[in-house]
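Work through the exercises below with the sequence and the 3D view open. Each task is followed by its solution.

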Amino acid sequence: MSSVDARANILLVDDRPENLLALEAVLEPLGERLVTATSGEEALRHLLRDEFALILLDVQMPKLDGFATAELIKQRQRTRDVPIIFLTAISKERGHVFKGYGAGAVDYVFKPFDPAILRSKVSVFIDLHRKNQEIRRQAELLRVAQLAEQRRESEERYRQLADSMPQIVWTAHPEGGSTYLNARWTEYTGLSVEESLETGWRAVLHPDDRERMSAVWRRSLETGERFDIEYRFRGRDGAYRWHLGRAFPRRGEHGEILEWVGTATDIDDAKRAEEADRFLAEASEVLASSLDIRLTLRAVAQLAVPRIADWCEIDLVGDDDVPHPLAVIHADPRKVQLAEELHRRYPLDPDSTAGPVHVVRTGDPELVPELTEEMLRLGARDAIEFELVRELGLRSWMCVPLITRGRPLGAIALASAESERRFAEADLRLAEELAHRAALAVDNALLYREAEERAQASRVLETIGDGVFLLDRDGVIRLWNPAAAAITGLLAEWVVGRPAEDAIPGWTTVAQRVPIADAPGPTAAETIPLELQGAERWLSIAGVGFEDGTVFAFRDLTEERALEELRQDLVATVSHELRTPLAAIYGSALTLRRPDVSPDEDLRNQLLAVIADESDRLAQIVNDLLLASQLDAGTAHTAPSRCDARGLAEHVIASARTHLPGSVELDLRAPKKLPAVRADPGQLRQVLANLVENGVKYSPEGGLVQVSLKAAERALRISVSDQGLGIPASEQRRIFEKFYRVDPNMEHGVGGTGLGLYICRELVRRIGGRIWVESTPGRGSTFHVDVPLAARSRKKAREKVNAAGARRRP
Ligand code: ADP
């Protein structure tokens with residue numbers, strides 16, 4: 001209704017103001033609103049602006065007459081139905097009237113009109129108008145009512161739809177108060193809609209999500225932005241499940257928020273799967289972080305609480321084959337104490353048919369989604385155990401075996417308590433995956449430890465002084481340590497991978513003599529000679545058999561063996577060498593003492609001379625032994641001084657000549673003037689005496705033994721040559737070794753201790769000189785000794801050499 005005014009509008013149109021005035025006067029008493037127009041155009045303008053209940057239209061008007069005006073009025077949608085009463089003074093003929101009706105007139109009033117009739121006609125039309133209006137209004141009311149009904153129906157449908165949805169659906173006031181919750185809500189939470197609307201959904205929201213949820217909701221309410229968050233709702237079973245909450249504002253025509261429409265979708269499975277993935281990833285990281293099995297497993301248990309359970313216990317099988325708790329984890333330390341006390345008082349029963357012991361024994365996991373008091377009672381050994389277990393508040397329980405290398409190593413037990421979680425198959429799978437990864441980590445740690453032990457063993461083998469090698473069951477060399485290579489001269493790269501009989505010369509024969517024990521421990525090793533690289537090496541060797549073959553350990557006894565031989569040589573030689581002079585002395589003494597023989601003066605003197613000479617020789621041997629042992633021990637004292645080699649040589653030759661065999665000639669060749677040498681005079685004399693004595697001794701056929709002295713730039717060379725037996729080239733180096741004799745069995749009848757040349761070499765070495773031999777067997781030998789010159793002599797000798805050089809130059 002456009003007008004607030006209850007009066008109806010009546011448009012009066014006449015080109016003559018007096019007529020209009022008259023009309024106004026006639027219609028005034030009706031009390032309606034009269035609008036006048038003096039032309040058709042003006043009338044149309046009024047009609048554009050206002051709504052009229054009736055038009056009184058003069059027919060005869062200049063320009064736009066009444067009919068034309070009526071036609072225009074009829075053409076317009078808005079004014080088409082406004083009744084028109086034509087007023088005319090002249091057109092009383094039929095044709096005229098007809099035209100008027102054709103133009104939409106409802107009546108004709110002829111001037112002059114009866115005011116009462118006109119008034120009553122007008123009031124009829126006004127009544128009619130009013131009635132029409134009333135009907136329109138009622139129609140409108142009806143329409144509104146119908147609309148309301150429709151909306152109610154649609155809301156009902158909407159509600160039914162919402163109720164049949166698997167998600168939780170809710171609506172709320174623009175300010176946030178809940179107005180509706182669907183059936184799923186009641187079904188999930190177990191709360192009636194009424195109590196929920198009153199107390200709000202916060203009652204079932206997880207305490208940890210409350211603050212976050214409130215903040216996000218507040219923000220949406222303030223900004224009108226979409227609400228979107230993940231949170232946990234407690235279900236009627238007491239367990240929380242993750243939901244994805246979303247809400248949009250429903251807005252009115254002008255953008256104002258009419259209400260919030262929200263949903264909460266259960267995403268718990270997906271969320272848990274995602275959480276499980278994350279948990280496993282973190283667990284794997286922890287598992288890989290250390291090689292200490294116990295530490296690692298404890299860290300994993302720590303990680304499991306409260307992520308996947310409220311309790312986590314890891315048991316490891318001990319030496320007694322029964323699992324023992326390694327880690328008991330709960331968020332609350334007091335509860336841990338309780339559990340530990342339980343374990344102390346009631347250790348795991350090795351015969352139990354459920355729980356970790358059973359899981360370890362069978363290798364099968366166990367899942368108890370709902371732990372009832374009855375179960376606890378049945379599982380407890382007595383009332384106290386039952387009470388203790390009950391106090392732990394366990395709701396749901398599962399246990400999975402830790403299996404490494406096909407052998408159960410322990411078990412991981414997980415339980416829910418205050419979180420009210422119920423473990424399902426998916427949780428068991430997660431626990432199994434965790435156990436699988438933990439087992440792998442344990443395996444790795446074990447492997448590492450073994451590898452480390454092996455590495456340590458191999459480091460030991462690398463550095464040990466004993467040769468160690470390993471033969472597999474086929475007799476192929478699998479390991480050959482550096483000492484084995486050093487002792488035998490056979491490198492690992494040559495021998496490893498080859499059969500011992502190919503790689504080690506003479507192994508086939510040797511192997512039969514090597515003692516092999518069944519278990520490591522003291523074994524009497526056998527000393528066995530092995531021909532290695534042209535030399536004989538004595539090895540003390542023993543083996544230990546094991547699963548995959550035999551390990552041999554050996555030690556080089558060549559040196560010890562040589563020493564042993566030396567000792568035996570010494571005893572043999574010395575006793576022989578001592579026996580000869582002793583026999584001579586003993587024989588002479590016996591002869592002198594015989595009562596039946598009275599020796600003449602000559603014989604007496606001869607016998608006494610033998611006794612004196614042989615005693616001398618005995619003393620000489622003892623002196624040599626003593627000196628040799630002093631030289632060995634490094635206790636022999638050498639006092640080098642400036643001395644005259646020629647004088648010493650003359651003295652040695654003179655004393656040798658006193659008991660020279662007739663067939664030997666002894667001779668000295670030396671320049672008159674020789675530079676002084678730096679040596680211990682007594683020791684240099686002994687060296688010369690030894691060499692001269694050998695020259696004479698090893699010339700059994702006689703010949704010339706010549707001592708010659710010659711000065712060089714740095715040294716004086718003393719050479720002692722003979723024409724005797726000579727020395728084979730292969731022996732020329734060895735004759736300087738202690739007790740070494742070319743002819744130990746005295747096939748040539750020449751005896752000795754084998755100490756002389758050894759003593760010579762050691763004494764010459766001590767004054768910084770050199771000794772060597774040149775010899776051709778059968779044609780004699782020449783021993784050379786270079787003795788360093790005394791300091792001043794060295795200078796002089798150099799000058800002399802230089803001068804000689806200058807002289808030679810032209
Ligand atoms: P020995 O007491 O046996 O003479 P030496 O140490 O003096 O001990 O000599 C070692 C060996 O060297 C002798 O046994 C001998 O075989 C050999 N020898 C030493 N001097 C001569 C030499 N002038 N002619 C031949 N052989 C020699």
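**Exercise 1.** Which element gives the most to the shell around the ligand, and with how many residues?

Solution. The model is predicted, with local features needing pLDDT of at least 70 and side-chain atom pairs pLDDT 80 or more, while totals for chains, interfaces and linings use all residues. Residues are numbered from 1 along each chain as its sequence is written, and side-chain values use heavy atoms, leaving out hydrogens and water.

Step 1: count the shell. The ligand is surrounded by 19 residues, where a residue is near if one of its heavy atoms lies within 4 Å.

Step 2: list the elements that give two or more residues: α23 (681–697), α24 (756–766) and β28 (781–788). Helices (H or I, at least four residues) and strands (E, at least two) are DSSP runs, numbered from the N terminus.

Step 3: pick out the top contributor. α23 gives the most, with three residues.

**Exercise 2.** Find polar side-chain atoms beside the ligand, then state how much of the ligand the protein covers.

Solution. Step 1: take the oxygen atoms of the ligand. One lies 2.7 Å from an N or O atom in the Y698 side chain, and a polar side-chain atom of N694 is 2.8 Å from a ligand oxygen. Both N694 and Y698 are among the closest residues.

Step 1: The side chain of S781 has an N or O atom 3.4 Å from it. A polar contact here is a pair of N or O atoms within 3.5 Å.

Step 2: read the cover. On its own the ligand has 520 Å² of accessible area, and the protein covers 97% of that (Shrake-Rupley method, 1.4 Å probe).

**Exercise 3.** Locate a cis peptide bond and a positive phi.

Solution. Most residues other than glycine have a negative phi, and most peptide bonds are trans.

Step 1: go to V305. The peptide bond from V305 to P306 is cis, with omega near 0°; P306 belongs to helix α10 (residues 293–307).

Step 2: go to K63. Although not a glycine, K63 has a positive phi of about 55°, and its place is the loop between β3 (54–58) and α3 (66–75).

Methods:
A polar contact is a pair of N or O atoms within 3.5 Å; within protein, one must be able to donate a hydrogen and the other to accept it, and residues adjacent in sequence count only if both atoms are side-chain atoms.
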